Amino acid sequence: QLQLVESGGGLVQPGGSLRLSCEASGFTLDYYIIGWFRQAPGNEREGLSCISTSGGTRKYTDSVVGRSAIFRDNAKNTAYLQMYNLKPEDTAIYYCAVRYSTEFNACVLNREDFESWGQGTQVTVSA
């Protein structure tokens, strides 16, 4: 079965850092675009970052650009989102998602375009 499992969430102080992981099983990540999203209660799901199958194209939304980094390790079948200088407004459930692609440098951040999702990991930024 195609499965994605997020991990690495938890409680962190403002200004701190966190690394989120997304481990895939039942398939190989090589031909999938990877996206990271988050959703706070009452808010829409927000696309944060994506990485192309080649790893050569990365995109970041304005809310996290400059203080986050997305990367992938295909050998481990795992993707990551490293976040820095976390703020209380970063508090949300964070999800990873994948979309099959034959375009090596394609990168998308529309939730409707992703076919598989993890169950999410909670990130809470508070003193």
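1. Arg38 counts as buried because its relative accessibility is 8%, where buried means under 20% relative accessible area, exposed over 50% and partly exposed in between, computed with a 1.4 Å probe on protein chains only. The model is predicted: local features need pLDDT of at least 70, side-chain atom pairs count only at pLDDT 80 or more, and totals for chains, interfaces and linings use all residues. Residues are numbered from 1 along each chain as its sequence is written, and side-chain values use heavy atoms, with hydrogens and water left out.

2. The side chains of Arg38 and Asp90 form a salt bridge with an N to O distance of 2.8 Å. This pair connects distant parts of the chain, 52 residues apart, with Arg38 in strand E4 and Asp90 in the loop between E8 and E9. A salt bridge is here a side-chain nitrogen of Lys or Arg within 4 Å of a carboxyl oxygen of Asp or Glu. Strands (E, at least two residues) and helices (H or I, at least four) are DSSP runs numbered from the N terminus. In general terms, side chains of opposite charge can pair when their charged atoms come close.

3. Asp90 also forms a salt bridge with Arg67, whose closest N and O atoms are 2.8 Å apart. Since Asp90 lies in the loop between E8 and E9 and Arg67 in the loop between strand E6 (58-60) and E7, the pair ties together parts that are 23 residues apart in sequence. Asp90 is buried at 0% relative accessibility, and Arg67 is buried at 9%.

4. Which residues are linked in a network of salt bridges? They are Arg38, Glu46, Arg67 and Asp90. The side chains of Glu46 and Arg38 meet at 3.0 Å, N to O, and Glu46 counts as partly exposed at 27% relative accessibility. The structure holds 4 salt bridges.

5. Strand E9 (residues 92-100) has several pairing partners, where two strands pair if DSSP finds at least two bridges between them. With E4, E9 pairs in the antiparallel sense over 8 bridges, and Tyr32 has Tyr100 of E9 as its bridge partner. E9 and E11 run antiparallel and are joined by 3 bridges; there, Ile93 is partnered by Gln122 of E11. Strand E10 (residues 116-117) is joined to E9 by 2 bridges, again antiparallel, and Ser116 in E10 is the bridge partner of Val98.

6. Thr121 lies in strand E11 (residues 121-125) and counts as buried at 11% relative accessibility. Leaving aside residues up to four places away in sequence, Thr121 touches Glu6, Ser7, Gly8, Gly9, Leu20, Ala92, Ile93 and Tyr94, contact meaning heavy atoms within 4.5 Å. Thr121 and Leu20 are separated by 101 residues in sequence, yet their C-alpha atoms are 8.3 Å apart. A polar atom of the Thr121 side chain lies 3.2 Å from the backbone nitrogen of Gly9.

7. E7 and E8 pair in the antiparallel sense over 6 bridges, and Ile70 stands opposite Leu81 in E8.

8. Two asparagines deserve a backbone check. Asn77, in the loop between strand E7 (68-73) and strand E8 (78-83), has a phi near 55 degrees, a positive value in a residue other than glycine. Asn77 is buried, with a relative accessible area of 14%. Asn85, in the loop between E8 and E9, likewise is not a glycine and has a positive phi of about 50 degrees, but Asn85 counts as partly exposed at 43% relative accessibility. Most residues other than glycine have a negative phi.

9. Tyr31, Tyr100 and Phe104 form a nonpolar surface patch, with about 350 Å² of accessible area together. Patches are made of residues with over 30% relative accessible area and no salt bridge, joining like charges within 9 Å and nonpolar side chains (Val, Leu, Ile, Met, Phe, Trp, Tyr) within 5 Å; areas come from the Shrake-Rupley method with a 1.4 Å probe, and for residues only the protein chains shown count as cover. Tyr31 lies in the loop between strand E3 (18-25) and strand E4 (32-39) and counts as partly exposed at 43% relative accessibility.

Conventions: A polar contact is a pair of N or O atoms within 3.5 Å; within protein, one must be able to donate a hydrogen and the other to accept it, and residues adjacent in sequence count only if both atoms are side-chain atoms.
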